[in-house]
2 protein chains.
Amino acid sequence: METIAVQPDLFVKMATGEWERQNNIFNKLLASLSDEQLAKEIAPGKNTGHYLVGHLIAVSDAMLPILGFEEKLFPQLDNIFLKNPDKSGLQKTSLPDLKENLKAVNEKLNEHISSSSVTEWFTRHMAVKEEDFTREPHRNKLNVLINRASHMSYHLGQLALL
Amino acid sequence: METIAVQPDLFVKMATGEWERQNNIFNKLLASLSDEQLAKEIAPGKNTGHYLVGHLIAVSDAMLPILGFEEKLFPQLDNIFLKNPDKSGLQKTSLPDLKENLKAVNEKLNEHISSSSVTEWFTRHMAVKEEDFTREPHRNKLNVLINRASHMSYHLGQLALL
């Protein structure tokens, strides 16, 4: 095992920094798009901007329990924006309401993220069993953040088409 | 400064793992799309799949010098897929050639990535000056990898529309 003069808090800063960077892009993009633009499909026959916005918020909200912070704030988003596709026929939460939800979720997430210790980031996330985590220690909370930042980037590439 | 029982090689594994995961998705997606599909625009008036594929390969190729590994293998891609937009009128490298280029770039990158020591990952990347790096130690080589994985994910979300 190589020993180096690097503090683990640097890596936490890199991973949380990437997550914040993606969230800032999301917030700016959302502020720049009108409800009419968001109602459109990102490409013919594909998801609407409205659906993708709800989807990203539902995924962020689900990070609260998976990171062991607290329960989801808006569990009702799951059925509309995670478990079912855009054209499910389900009534979508309105864009103004979604924007309020996003603000609340981000506030909670930021609060918990900034107060988590380095040690906590390297503990298992709530969707991995203790015995699996012993074998696969990379399945920690920080890895969830890295993965969700990529997921957000994936859909931001689509939202940017609007 | 908090001291924890986490080995720095775990961070490296998490970041390189995310990069590999995005590359695998790219390779699978590319194998599943025909040249006809890739010739299409991802949405009306937007970039073609062909351009985005060249763009991603040019960005990966540019990682070789920025990570201090070696010179770019295909510097001619820069002008077509980085410095100029899709509709520049420049003759694009053909898709069969691009696929060969991708294979060569990934082989080189993987070779260097797997042989880099943990210490090396936390040294500055080649686009940051030494004096800036002293103040901002998160601008290291591993951070380039994290950033490029997000960038790839962004465009994979677009390519998936084809």
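I began with the contact between H3(B) and H8(B), where contact means heavy atoms within 4.5 Å. From H3(B), the residues that meet H8(B) include Leu52(B), Leu56(B), Val59(B) and Met63(B). On the H8(B) side, Leu145(B), Arg148(B), Met152(B) and Leu156(B) are among them. An α-helix has 3.6 residues a turn, so residues three or four places apart point the same way.

I noted that this is a predicted model, in which local features need pLDDT of at least 70, side-chain atom pairs count only at pLDDT 80 or more, and totals for chains, interfaces and linings use all residues. Residues are numbered from 1 along each chain as its sequence is written, chains are lettered from A and ligands numbered from 1 in the order written, and side-chain values use heavy atoms, with hydrogens and water left out.

Next I checked the geometry of the pair. H3 (residues 49-66) and H8 (residues 141-159) of chain B pack at about 175°, with axes 10 Å apart. Axes are lines fitted to C-alpha atoms, for helices over the stretch in contact, and angles run from 0 to 180 degrees between N-to-C directions. H3(B) is therefore roughly antiparallel to H8(B) (an angle over 145 degrees).

I sorted the H3(B)–H8(B) contact by class: eleven nonpolar, six polar and one charged residues. Nonpolar means Ala, Val, Leu, Ile, Met, Phe, Trp, Tyr, Cys and Pro; charged means Asp, Glu, Lys and Arg; the others, Gly among them, are polar.

Then I turned to chain A. How many helices and strands does chain A have? I found eight helices and zero strands. Helices (H or I, at least four residues) and strands (E, at least two) are DSSP runs, numbered from the N terminus. The C-alpha atoms of chain A fill a box of roughly 55 × 30 × 25 Å along the principal axes.

Is H3(A) largely enclosed or open? I found 16 of its 18 residues buried, so H3(A) is largely enclosed by the rest of the structure. Buried means under 20% relative accessible area (1.4 Å probe, protein chains only). In chain A, 49% of the 162 residues are buried. Just after H3(A), Gly68(A) takes a positive phi of about 75°.

Last, I compared the copies.

Notes
Buried means under 20% relative accessible area, exposed over 50%, partly exposed in between (1.4 Å probe, protein chains only). Angles under 35 degrees count as roughly parallel, over 145 as roughly antiparallel, 65 to 115 as roughly perpendicular and the rest as oblique.
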